[in-house]
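Hi,

Here is the structure I promised to pass on to you. Have a look at the model first, and then read on for what turned up in it.

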Amino acid sequence: MRLLIAGIVVCLLQPSLLGSPPVLSSAPSARFAEHSIATDLNGGYQVVVSDINHDGKPDLIAVASGMKELVWFENPGWQRHVIVGNISRPINCAAWDIDGDHIPEIALAHEFSNDPARSVGVVSLLKHKGDPAQPWEMIELDRLPTSHRLRWADIEGTGKKVLVNAPLAGAQAKPPDYKGSVPLVYYRPGIWKREIISQALEGVLHGISIADWDNNGRESILTASFVGVDVFGLGKKKVWERTSLVKGDSDPWPRSGSSEIVVGRLQRNRFLSTIEPWHGNQVVVYQQQGKNWQRQVVDTSLNDGHVLIASDLNRDGIDELIAGYRGQGRSVYIYSAENPRGTHWVRSVLDDGGMAAAGCAVADLNGDGKPDITCIGTATTNLKWYENLGPAKH
């Protein structure tokens with residue numbers, strides 16, 4: 001176990017310095033203890049938190065694109081179990097209990113490639129067969145090229161969720177420009193018929209986030225793509241409505257738009273945060289002013305940015321941002337707002353060079369009431385959890 005004191009190195013950026021290099025300073029933050037769970041996850045891509053065996057403890061599902069198996073790690077000893085084997089290029093999964101037996105079903109996207117011509121894009125449903133520690137049943141649901149992001153969403157506010165599938169690009173798109181429209185679709189459990197949400201997005205659709213955007217009890221889908229950030233919600237007549245929020249990075253295509261999207265809170269006010277452009281270097285915060293969103297560049301130093309989470313790590317009503325990148329440097333940072341207006345943000349180091357973060361998640365993994373962080377690395381082939389020890393003493 002290695003103790004990390006987040007807050008030794010920080011970045012401070014004011015709105016008046018948009019686009020400028022970060023200004024280094026120092027500030028206190030939370031303390032985290034680093035725990036290694038696995039070191040052999042070739043092509044580690046996504047970690048999902050879910051109580052797999054219904055014991056009240058959150059377990060971890062590890063998606064690694066270079067592996068032939070989908071595995072989960074049992075809390076608290078992190079024993080490793082195989083969910084399914086003999087799969088190719090898994091890229092994303094989402095867990096939710098469809099049938100009410102307190103053990104989730106898992107939707108899995110596999111046979112993925114960044115090149116639509118080489119991507120089968122299989123979407124499968126995984127169901128346990130009595131003992132979740134033993135291999136599960138796999139049922140193919142659909143094939144849609146570059147199926148890339150899977151999420152469950154309560155789009156009607158009934159408590160019954162649908163499965164959202166956000167492919168990376170359109171079937172006819174070609175790298176590196178990826179010109180053309182990209183579909184956004186969903187499936188109703190039990191029917192599993194592909195239904196269209198939108199075919200209006202263009203280029204690469206990389207990030208999605210599920211949130212009750214309109215505070216009406218129905219969850220919407222926020223997307224980050226070459227055309228920026230959009231929100232899709234089911235209207236009163238059960239027709240999908242699209243609202244364009246921000247355009248993201250203004251550089252020419254294919255360096256335009258946004259790559260990751262999250263919604264955060266600054267006490268009573270919400271904000272958007274993105275990584276820009278696709279697999280980009282910038283952490284950006286947007287705050288609404290009237291009908292417009294003001295763009296604030298918080299950091300420009302990421303190398304192949306691929307992780308972005310908003311979570312209130314110290315329970316003060318203000319969300320921190322967790323961002324990680326896979327390129328040279330291979331680190332994870334925490335960004336904290338110095339005041340409820342979010343005019344200044346400081347950066348602290350969670351993992352310095354030991355995590356080529358492709359995916360992270362936040363959950364209370366040890367039941368002490370404090371939100372912990374878990375991350376999976378691509379080039380580093382590892383899975384860690386960072387135990388939240390509370391505010392740093394100063």
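Let me start with a salt bridge (a side-chain nitrogen of Lys or Arg within 4 Å of a carboxyl oxygen of Asp or Glu): aspartate 142 pairs with arginine 194, and their closest N and O atoms are 2.8 Å apart. Aspartate 142 belongs to strand S12 (residues 137–143) and arginine 194 to the loop between S15 and strand S16 (195–202), so this contact ties together parts 52 residues apart in sequence. Strands here are DSSP runs of E with at least two residues, numbered from the N terminus. Aspartate 142 is buried at 12% relative accessibility, whereas arginine 194 is partly exposed at 36%. Buried means under 20% relative accessible area, exposed over 50%, and partly exposed in between, with a 1.4 Å probe and protein chains only.

Before going further, a word on the ground rules. This is a predicted model, in which local features need pLDDT of at least 70 and side-chain atom pairs count only at pLDDT 80 or more, while totals for chains, interfaces and linings use all residues. Residues are numbered from 1 along each chain as its sequence is written, and side-chain values use heavy atoms, with hydrogens and water left out.

Back to the charges: the count comes to 16 salt bridges. Another of them joins the side chains of aspartate 299 and arginine 347, at 2.8 Å from N to O. This pair links strand S24 (residues 292–299), which holds aspartate 299, with strand S28 (residues 345–351), which holds arginine 347, 48 residues apart. Aspartate 299 is buried at 0% relative accessibility, and arginine 347 is buried too, at 9%. The charged end of arginine 347 also sits over the ring of tyrosine 333, 4.1 Å from its centre. For that label, NZ of Lys or CZ of Arg must be within 6 Å of the ring centre and within 35 degrees of the ring normal. Arginine 270 does likewise over the ring of tryptophan 213, 3.5 Å from the centre.

Aspartate 304 and arginine 326 meet in a salt bridge as well, at 3.2 Å from N to O. Here aspartate 304 is partly exposed at 22%, while arginine 326 counts as buried at 17%. There is also a network of salt bridges that links Glu156, Arg188, Glu195 and Lys238.

Now to the rings, where the count is 11 aromatic pairs. Rings of Phe, Tyr and Trp (its six-membered ring) pair if their centres lie within 6.5 Å, and planes under 30 degrees apart count as stacked, over 60 as edge-to-face and the rest as tilted. Tyrosine 186 and tryptophan 240 have ring centres 5.6 Å apart and planes at 65°, so they are edge-to-face. Tyrosine 186 lies in strand S15 (residues 181–187) and tryptophan 240 in strand S20 (residues 240–246), so the pair ties together parts 54 residues apart in sequence. Both residues are buried: tyrosine 186 has a relative accessible area of 5%, and tryptophan 240 one of 16%. Elsewhere, Tyr178, Phe226, Trp253 and Trp278 form one aromatic cluster.

Finally, take a look at the open sheet of 4 strands, in the order S5-S6-S7-S8 with antiparallel pairing. Two strands pair if DSSP finds at least two bridges between them; strand S7 (residues 70–74) and S8 are joined by 5 bridges.

Enjoy exploring the model!

Best wishes
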